[in-house]
Amino acid sequence: MRRSRVLPALVLATLTMLVACTKGDECDKCSSDKDCKEGFFCSEFNDGSHRCGSGVGATTCRVR
């Protein structure tokens, strides 16, 4: 019975880690410019979050 609980927990943990990872696209969370793809910079937004943006003009990100 114990084995049947471990596998779902492991799968859930793996999925959580995959969802938490960002790809560096525009509006993805970041901590430095290295976290963003080429052409984007890690910028601080009005809500205090750091996200990848173009750095040109106003970038608007939809967040939940």
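In sequence order, what is the pairing of the bonded cysteines of the protein? Numbered in that order, the bonded cysteines pair as 1-6, 2-4, 3-5. The structure is a predicted model, in which local features need pLDDT of at least 70 and side-chain atom pairs count only at pLDDT 80 or more, whereas totals for chains, interfaces and linings use all residues. Residues are numbered from 1 along each chain as its sequence is written, and side-chain values use heavy atoms, with hydrogens and water left out.

The mean pLDDT (the predictor's confidence in each residue, from 0 to 100) is 77 for the protein, and 67% of the residues reach 70 or more. Among contacts in the protein with a separation of 6 or more, 20% come from residues 24 or more positions apart.

The secondary structure consists of 1 helix and 2 strands, where helices (H or I, at least four residues) and strands (E, at least two) are DSSP runs numbered from the N terminus. The order of these elements from the N terminus is α-β-β. Strand 1, residues 41-44, pairs with strand 2, residues 50-53, in the antiparallel sense over 4 bridges; pairing requires that DSSP find at least two bridges between two strands. Phenylalanine 41 has glycine 53 of strand 2 as its bridge partner. The hairpin formed by strand 1 and strand 2 has 5 residues between the strands, and glycine 48 in this hairpin adopts a positive phi near 90°.

A total of 3 disulfides is present, a disulfide being a pair of cysteine sulfur atoms within 2.5 Å. In the link between cysteine 27 and cysteine 61, the sulfur atoms lie 2.0 Å apart, and the value of -85° about the S-S bond makes this link left-handed. Cysteine 27 is located in the loop between helix 1 (2-20) and strand 1, and cysteine 61 in the segment after strand 2, so the pair ties together parts that are 34 residues apart in sequence. Cysteine 61 is buried at a relative accessible area of 16%, where buried means under 20% relative accessible area, exposed over 50% and partly exposed in between (1.4 Å probe, protein chains only).

A further disulfide joins cysteine 30 to cysteine 42, with an S to S distance of 2.2 Å; with 95° about the S-S bond, this link is right-handed. Because cysteine 30 lies in the loop between helix 1 and strand 1 and cysteine 42 in strand 1, the pair ties together parts that are 12 residues apart in sequence. Cysteine 30 is buried at 11% relative accessibility, and cysteine 42 is buried with a relative accessible area of 18%.

Cysteine 36 and cysteine 52 form a disulfide with sulfur atoms 2.1 Å apart. The torsion about the S-S bond of this pair is about -90°, so the disulfide is left-handed. Cysteine 36 occupies the loop between helix 1 and strand 1, and cysteine 52 belongs to strand 2; the pair therefore ties together parts that are 16 residues apart in sequence. The relative accessibility of cysteine 36 is 11%, which counts as buried, and cysteine 52 is buried with a relative accessible area of 0%.

For the protein as a whole, 19% of the 64 residues count as buried.

Note on methods: Contact means heavy atoms within 4.5 Å.
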